[in-house]
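This briefing covers a single structure. Please look at the sequence and the model before reading on.

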Amino acid sequence: MGASSLEAMEEDLNCVAVGLLKRRVRQKRGVREIIKTKIQRNLSCTGPKIKSTLTGFFPVVKWLPKYKVKEYIWGDVMSGLIIGIILIPQAIAYCLLAGLEPIYGLYTSFFSNIIYFFMGTSRHVSVGIFSLMSLMVGQVVDREVFLAGFDLNEDSTKNAFGFNDTGETNITAVNLKIMSLNMECGKECYAISIATALTFLAGVYQVLMAFLRLGFVSVYLSSPMLDGFATGASCTILTVQAKYLLGLKIPRHQGYGTVVVTWINIFKNIHKTNFCDLITSAICIIVLLAGKEIQDRYKKILKIPLPTELVVVAVATIVSHFADLNGQFSSSISGAIPTGFIPPKMPSIELMPRIAWDAIPLAVISFAFTVSLSEMFAKKHGYTVRPNQEMIAIGFCNIIPSFFHSFTTSAALAKTMVKDSAGCQTQVSSIVSALVVLLVLLFFAPFFYALQKCVLACIIIVSLRGALRKFRDVPKQWRQSKIEAIVWLVTMSSTALISVELGLVIGVIFSMICVVVQTQNPKVSLLGQIEQTNDYEDMEEYDNLSPVPNVKIFRFQAPLFYANKDFFLKSLYKATKLEPFLELTRRRKLEKKARAKGQKKTDGVDQTNGDVGICLISKDVGFHTIILDCSCISMIDTTAVSTFKTVSKDYKEVGVNVILACCNTTVIDSLRKGSFFGADDINMDRLLFYTIHSAVCFATSMTQPVNDSSV
């Protein structure tokens, strides 16, 4: 047998190989049977099931007994101490964003670290107070405090224990009546009530999302959208803190356009600048930035991060105390920070209906940052995390602390990176950090009485440098992907110029619209055969491709559904240079002219010329088959099935076959349900092929359309 005959046999085998593929018959279960099976699996109560549930809910039970003390303890202790030292000034500072007293930031940092130790699956994530969460909480708190009738210009002297700064009982309280809520409470008491109710609801939402397996929501929070949201929120944070740098007493703007309105108010009141605060702010920012730059430049030499924030806070507090900056220059100070813990209290149920919607973006952003950071560092260090358990963990990091006067928490990138660089191995470091915060809560909190608020604002603003540096990446991002750059710009602008909550909504909707637009206008191409192979590729993108004689191979690179079916048709007509309806119209006009011409001649001698004229009308369009490459079509809907039927029917009328290649099983099932292959799939073997080459072999072996109905 010659080589040529072997090649021909091999090609024939390749062409008919599709006939050997048979779909497995899968037995469908009824809805009742599925529900029954899930109930039995989830509600069964056996020893192994209880053990598995408990260890899944509290991952610490699994990894702590295997803890390698000699190998892990040094890194965990050092990273825990460093994070604890960083947490103290940040916990006090971020309370300015949340509109709360400094003590509540310390509570939040303490409880969240302990709870995540028991329930988290990430070894490296640092969970606690986070600037973005503090800002979002602060906007809700300020709005509700304003609606309650409190004057936001006033510096409240009533602290969490009901004492003023001199230690005497403040017997005056504001009687509030908000809807059905009747309570006697001061401004600060009401503010923390709002914050804890908001935090409790956010935690409940997160736990419900975990149990309902709604973690897919984070899929719609794309990386450019999250970066833009964080940068826009950073602009808002910077604006909100600017008044503290200048020592201006300007209430936080309520409503949209916080950035614009606040800067207008700052420039209107610029003549009231407190020069003591301004000078202090300038010195602190210079020192903090210098410390950050030294840390970044010599991070390979410096084994541990420089505690610049703590040094600045300590020195500024000492100077403020001995120079009496508050008394001499009216500089705003933190005030009394009590030691110990306030007795736990149930979050106010009466307030929850007012803030139920506000808790949703808090819950989504909190778990999105936590899960993404957990997965990022797990991938870096070669272990796995359970996203669903992470959602439960962060949910309980909000629910339980809300009973202890804490507000919403999340994983924070900056502290997590510091923790990782300091040699963290496990969440034992979180316990060490919690112990450092506990020491401050029990003993050292009163020493921060004279700390100026402008120093805290400096710490917050300098911590934003990473997010604000994203502006430098815009040109690079534009070169890499214009759509992602536009998503970043739209999200950042709407977050900064409108509001944080609306910015999040606009960012999500706009990024989804971009995805839809991309699927509505996907890339289409005609394919040619790679020389001396059975493979086919885009003739616009590659050289040395040969078009298949009398065959057009068309590829559509997107799911096909109702929104892009018109684009599919237009692209197909343009690529093949043949629109069936126009071709039929052209042929009818030619036939009509031929008949008219023949009719004139029948009045003369020859009565056969008219028929001859009609037969001489050319019906050749240059090809007889179109192969639709469906390898990039992941799904189709009923509109797409109807479109395939219409295309097949219309092209048959002009003498062109339409066959499909490389369809996945989902597409095949949709075509079957839509009766594309006819009754009992009678035309399936002639309309569907599993490779482009088998479709080409079939097409080149025939010259007439399937179920010929041509003119």
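Which residues of β9 are buried on one side, and which on the other? Thr625, Ile627 and Asp629 are buried on one side, and Ile626 and Leu628 on the other, so both faces of the strand are covered. The model is predicted. Its chain has 711 residues, and 49% of them are buried.

**Overall**

- The chain contains 30 helices and 11 strands.
- Of the contacts with a separation of 6 or more, 80% are between residues 24 or more positions apart.
- The accessible surface is about 36200 Å², and carbon and sulfur atoms contribute 62% of that area.

**Strand β9 and its neighbours**

- β9 pairs in the parallel sense with strand β8 (residues 551–556) over 5 bridges; arginine 555 has aspartate 629 as its bridge partner in β9.
- β9 also pairs in the parallel sense with strand β10 (residues 657–661) over 5 bridges; isoleucine 626 has valine 658 as its bridge partner in β10.
- The chain passes from β9 to β10 through helix α27 (residues 638–652), in a right-handed β-α-β crossover.

**Threonine 495**

- Threonine 495 is in helix α22 (residues 482–497).
- Threonine 495 has a relative accessible area of 1% and is therefore buried, the cut-off being under 20%.
- A polar atom of the threonine 495 side chain lies 2.7 Å from the backbone oxygen of threonine 491.
- Beyond four places in sequence, threonine 495 touches residues including Phe229, Gly232, Ala233 and Thr236, as well as Val500, Gly503 and Leu504.

**Salt bridges**

- The structure has 16 salt bridges.
- One of them joins the side chains of aspartate 358 and arginine 143, at 2.6 Å from N to O. Aspartate 358 is in the loop between α14 (352–355) and α15 (359–381), and arginine 143 is in helix α7 (residues 131–147), 215 residues apart.
- Aspartate 358 counts as buried at 14% relative accessibility, whereas arginine 143 counts as partly exposed at 27%.
- Lysine 380 and aspartate 420 form a salt bridge whose closest N and O atoms are 2.6 Å apart. Lysine 380 is in helix α15 and aspartate 420 in helix α17 (residues 413–421), so this pair ties together parts 40 residues apart in sequence.
- Lysine 380 is exposed, at 56% relative accessible area, while aspartate 420 is buried, at 11% relative accessibility.
- In the salt bridge between lysine 649 and glutamate 653, the closest N and O atoms are 3.1 Å apart. Lysine 649 is partly exposed at 48%, and glutamate 653 is partly exposed at 22%.
- Arg143, Glu144, Arg354 and Asp358 belong to one network of salt bridges that share partners.

Methods
Residues are numbered from 1 along each chain as its sequence is written. This is a predicted model: local features need pLDDT of at least 70, side-chain atom pairs count only at pLDDT 80 or more; totals for chains, interfaces and linings use all residues. Side-chain values use heavy atoms; hydrogens and water are left out. Helices (H or I, at least four residues) and strands (E, at least two) are DSSP runs, numbered from the N terminus. Buried means under 20% relative accessible area, exposed over 50%, partly exposed in between (1.4 Å probe, protein chains only). Contact means heavy atoms within 4.5 Å. Accessible areas come from the Shrake-Rupley method with a 1.4 Å probe; for residues, only the protein chains shown count as cover. A polar contact is a pair of N or O atoms within 3.5 Å; within protein, one must be able to donate a hydrogen and the other to accept it, and residues adjacent in sequence count only if both atoms are side-chain atoms. Two strands pair if DSSP finds at least two bridges between them. A crossover is right-handed if, with the strands pointing away from the viewer, the path from the first strand over the helix to the second runs clockwise. A salt bridge is a side-chain nitrogen of Lys or Arg within 4 Å of a carboxyl oxygen of Asp or Glu.
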